[in-house]
Amino acid sequence: MGALRRYASSTAAVIGLVLLLVVIAMAASAGWLFPEDPLSLAGAPLTPPFTEEGLPLGTDSVGRDIAAQIFHGARVSLLVGVVATGIAIGIGILVGAVSGYFGGAVDAALMRLTEAFQTVPSFILLLMLVVIFGSEVTTLALVIGAVSWTAPARLTRAEFLTLRSRDFVLSCRTLGMPHARIIFLEILPSALPPVIVYVSVVMALAILQESALAFLGLSDPNIASWGNLIGDGRRVLRSAWYVAALPGLAIIVTVLAISLVGQGVNDLLNPRLGRR
Amino acid sequence: MRILRLVLRRLSLSIPCLGIILAVLFFLLQLAPGDAVDALIGQMGTSDDTLSKLLRSYYGLDGSVVGQFTGYVGRLATLDLGLSIAYGKPVIDLILERLPVTVVLMVTSMAMAFTAGCVVGVIAARYVHRWPDTIISVLGMLVYSMPSFWFGLMAIVLFAVTLGWLPAGGISDLRAGHTGIAHLLDMAKHLVMPALTLGLIFFAVYLRVMRTAMVEVMTLDFMRTARAKGLQERAVLFRHALRNALLPMVTIAGLHASSMLGGAVVVESVFSLPGLGRLAQEAVVQRDLNMLLGITVMSSVLVIAVNLVIDIIYARLDPRIDVGA
């Protein structure tokens, strides 16, 4: 209860949570509010917003309902965000924990690997993975996760480095506990808070990367995603700029909401760093 | 001498890093359906077994995996990146043709984001927890959440379509046929919006780092000393605080070199700039894996080079840094 009240004391964190709930509600209600295929024709092409009943946000260059695409697009963005973040955090924790716990040659090797992945521009690596594995939406979520694990790995490693020589870890070792048990059941719970805070950064970046791929026309063309809609709006930018503008606002709201919630959780978990 | 030692030490660390990158990329290529020869044959529209055998031995693709790997590393080390299947030209030529635009774009936007981030960050730190700081923080948050390509499109709508102040895309106006200084000015005009678009998200990052670093530095003892000896507030801020706060800024700039290069892909596409990023996008559309591989390797080399330059700047800023350690 105390934690909830402390979270609620930050206006920014509350705004973030409300916005995030709105986006989740959009994703949840998409099938019910817009039961038809969002990529089917709904009216005359390039109907401006607020001019026709039943088409509140107008239509795109082909005549597809923009509001329906934005609601269904929320599903894609959240799906990609959650799956990619899960994978990135999973790999990051595994690499960081093993690296920080064992140290020595294992640590050196894993950190060289992490550095290599940080050196290759992740978006260009992403392009390569898309060419090799295809651009189906679940594949996209997987490959975005596969290029985003380096920062969580470094964070986890740093925590493990400070925790591994603590008394409770030494006593676990003396008891003869297996390494895996010490790593995941004993140290990991104490190492998690900074990594949890980083979840919001990874998720925000994953959503932005998917939308950038879709904008370039390299994502799944058969789904309604915000990036796809912006890419379509680009072709009619001079005459109908709202087609590109509206889904962009949806991306901003989503990413902003995730960042604000992340900030709020950060203040909650690291109260000393919070207000300075 | 100190700088030279630093360069040598960094290079000795970069070579294993590059080796790992090559190994990972090689592994990925093994997962790709078909190899370069399949793609070439597909391009020619024939299916001749003897020809594909001949091509495979020519490209060294018929040996063992280990043999293929050593051949691949050897070719990359001599900058022989093979032929682009889509363009029918050597990949290295295409990359070198496109590289200058990307480098100019990156340097311009990094300089813009860095300068603006410093100035605005100092202002925020100066008025920490008062209304200018709050407004700056909110703006920074908004900018950070904005997809760069969307900002670019909206800038085109405003500055090119509605106001007509700036060109909507391209690197220069070919019809005008400018030469000399007029040509350079024309290119600068074409670069304003792309550099702004690419730099925007990094501006938000630098601003936040600068604010935190300044707030941190201003609590230190030597700041109180500077104030106590009667220095003006401006001198305290710029001579004493700023120089120390710049160190974390420089570190962050190095960390972002690779994501900036990734961002350039998107921005070059928005403004149809003929750079490396646009080449990468074309490579994906054409399924030209060989060219994409070359671009990935060369962009990693570019990131290593940028980091080397940043290390040198860092060493100049902070003479305490011991390069031997």
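Predicted model: local features only at pLDDT ≥ 70, side-chain atom pairs only at ≥ 80, totals over all residues.
Residues are numbered from 1 along each chain as its sequence is written, chains are lettered from A and ligands numbered from 1 in the order in which they are written, and side-chain values use heavy atoms, with hydrogens and water left out.

**View 1. Chain A as a helical chain.** Chain A holds twelve helices and zero strands, where helices (H or I, at least four residues) and strands (E, at least two) are DSSP runs numbered from the N terminus. The C-alpha trace of chain A extends over about 75 × 45 × 30 Å along its principal axes. Of the 276 residues in chain A, 54% are buried, a term that means under 20% relative accessible area, with exposed meaning over 50% and partly exposed lying in between (1.4 Å probe, protein chains only). Contacts are heavy atoms within 4.5 Å, and among those in chain A between residues at least 6 apart in sequence, 71% join residues at least 24 apart. The accessible surface of chain A amounts to about 11900 Å², and 66% of this belongs to carbon and sulfur atoms; such areas come from the Shrake-Rupley method with a 1.4 Å probe, and for residues only the protein chains shown count as cover.

View 2. An unreviewed UniProt entry assigns the annotation "transmembrane region" to residues 12-34, 78-102, 123-147, 195-218 and 239-261 of chain A; UniProt positions are given in the numbering used here, feature names are shortened, and annotations may be inferred rather than shown by experiment. Residues 78-102 of chain A are 100% helix and 0% strand, with end C-alpha atoms 36 Å apart. Residues 239-261 of chain A are 87% helix and 0% strand, and their end C-alpha atoms lie 37 Å apart. The feature "domain: ABC transmembrane type-1", also from an unreviewed UniProt entry, is placed at residues 74-262 of chain A, a span that is 83% helix and 0% strand and whose end C-alpha atoms are 19 Å apart.

View 3. A search of the whole structure finds two cavities of 30 Å³ or more, a cavity being a set of points, on a 1 Å grid over the protein atoms alone, where a 1.4 Å probe fits but cannot get out, and lining residues having an atom within 4 Å of a point. The largest cavity has a volume of about 50 Å³, volume being the space filled by probe spheres set on the points, which are joined across faces, edges and corners. Its lining consists of Ala116(A), Phe117(A), Val120(A), Leu125(A), Ile21(B), Val24(B) and Leu25(B). Helix H4 (104-119) of chain A and helix H1 (2-31) of chain B each supply at least two of the lining residues, and H1(B) gives the most, with three. The lining comprises seven nonpolar, no polar and no charged residues; Ala, Val, Leu, Ile, Met, Phe, Trp, Tyr, Cys and Pro count as nonpolar, Asp, Glu, Lys and Arg as charged, and the others, Gly among them, as polar.

**View 4. The second largest cavity, in chain B.** This cavity has a volume of about 30 Å³ and is lined by Val143(B), Met146(B), Pro147(B), Ser148(B), Phe151(B), Thr197(B), Leu200(B) and Ile201(B). Helices H7 (148-162) and H8 (180-218) of chain B each contribute at least two lining residues, and H8(B) gives the most, with three. The lining divides into six nonpolar, two polar and no charged residues.

View 5. Asp133(B) lies in helix H6 (residues 131-144) of chain B and counts as buried because its relative accessibility is 3%. Beyond its neighbours within four places in sequence, Asp133(B) is in contact with Ala124(B), Tyr127(B), Val128(B) and Arg211(B). Arg227(B), in helix H9 (residues 221-228) of chain B, is partly exposed at 36% relative accessible area. With neighbours within four places in sequence left aside, Arg227(B) is in contact with Met218(B), Glu233(B) and Val236(B).

View 6. Ser272(B) lies in the loop between helix H11 (257-270) and helix H12 (276-285) of chain B, and has a positive phi of about 35 degrees although it is not a glycine. Most residues other than glycine have a negative phi. Ser272(B) is partly exposed, at 39% relative accessibility. Gln30(B), in helix H1 of chain B, is partly exposed with a relative accessible area of 41%.

Conventions
1 Å grid on protein atoms, 1.4 Å probe; cavity = no way out; pocket = protein on both sides within 12 Å on 5 of 7 lines; lining within 4 Å.
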